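Thanks for making the time; I would like to walk through one model with you, going from a few local strand pairings out to the chain as a whole. Please have the sequence and the structure open while I talk.

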Amino acid sequence: MKRTRNSVRFASLLLLILLFTAFSASAAPPAHSGKYLVYVGTYTGEGTKSKGIYAFRYDAATAQLTPLGLAAETTNPSFVAAHPNGKFLYAVNEVGDYKGPNSGGVSSFSIDRATGKLTFLNELPSRGADPCYITVDKTGKFVLVANYTGGSVIVYPILDDGRLGEASAFVQHTGHGPNAERQEGPHAHSIDLSPDNRFAFVDDLGLDELLVYEFDAAKGSLTPNDPPFAKLDPGAGPRHFALRPDGKFAYVISEMGHTVTVFSNDAAGGRLQHLQTVTTLPKDFKGRNDDAEIQVHPSGKFLYGSNRGDDSIAIYAISKSEGTLAQQGGVHTGGKEPRSFEIDPTGTLLFAANQKSDNIVIFKIDTKTGKLTPTGQVLDVGSPVCVKFVAID
């Protein structure tokens, strides 16, 4: 009888181990070999040489980049976002007259992982003029978009074949800021999700607010959080947002104020508390400048922000315990108007997209100090706006 009980216990333990192994394998993200497709969103308007979204092949092990040319011809695909499964790409069409006045478009594409080419699937109106930012939620079920001139945000479900379905949520912002020329109304400039996919953070340049919404990943709905926003300095013009990987601290770059604002983040409740505001410019800078992009290094140790005017990337060290910033200087981007930049998934390179000089300049990141050094690699792309990586086998 004792031997039988021991046999049953052993069999049960073995079954549990097998089940755990199977679950872990299914839950883990797909392994990849360090090879990527790199997609570049651009402006295609009059006076530019771009025709749409461009692609490159990237080998992280050798830092080798191979141009693949025009992946899809489409109008003003300024920002793009990839589906977590690597099979689909989504782009805003930053216009104000898509199938009528006061709306842009949002397009979906399937990805040919062998060639990098994009096949158009469908396009829907954004219900607000000049959509300028797009993200895919962590489950891969929804696309979220910010309409700049429209001052609104919209959510679309992703159908099984990658196409976009009719909107599941739409929120119109109201109000204005103190700058009568730039803040005459709301201007939603970005929308990002918390690591747990429960909150959506929206920078509104026209309202000087970082709005927080509860995001329902089952319904694709947005509900104002309590409190519904965090205020920035009057006239700051918040543009883009980044979270430290652990979700404890949030960072907002302000286009008009030339600053980065640091918030502590209550991840459970989506509540933000102001900690610090620092400049993005060198002390001796004079003249016109508009801040643009912001990103935290994957290590959580460094933060980067781009200046259009000074044409530089500001570099900061992040305090591990406090989340606050210490400026570590900056580097010229090797071009004009760095509208955006992207850190590669390995955290070793930074790709600076210089819109007005039609190039993407690549920098090596010192993972100990955060400093940037030009690699000598420069990609020729007309009016680049954003850079996104898609892992491939």
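This is a predicted model: local features need pLDDT of at least 70, side-chain atom pairs count only at pLDDT 80 or more; totals for chains, interfaces and linings use all residues.

**Strand pairings and overall shape**

Let me begin with β12 and strand β13 (residues 199-204), which pair in the antiparallel sense over five bridges, where two strands are said to pair if DSSP finds at least two bridges between them, and where strands (E, at least two residues) and helices (H or I, at least four) are DSSP runs numbered from the N terminus. Residues are numbered from 1 along each chain as its sequence is written, and side-chain values use heavy atoms, with hydrogens and water left out.

Now to β6, which covers residues 105-111 and has seven of its seven residues buried, buried meaning under 20% relative accessible area with a 1.4 Å probe, protein chains only. In a regular strand the side chains alternate between the two faces of the sheet. Which residues of β6 lie on each side? Gly 105, Ser 107, Phe 109 and Ile 111 are on one side, Val 106, Ser 108 and Ser 110 are on the other, and all are buried.

β6 has an antiparallel pairing with β5 (residues 88-93) over six bridges, and another antiparallel pairing with β7 (residues 118-125) over seven bridges. The hairpin of β6 and β7 has six residues between the strands, and in it Gly 116 takes a positive phi near 85°.

Stepping back to the protein chain, there are one helix and 28 strands, and buried residues make up 56% of the 393 residues. The C-alpha atoms fill a box of roughly 85 × 45 × 45 Å, taken along the principal axes. Among contacts (heavy atoms within 4.5 Å) between residues at least 6 apart in sequence, 48% join residues at least 24 apart.

Conventions
Buried means under 20% relative accessible area, exposed over 50%, partly exposed in between (1.4 Å probe, protein chains only).
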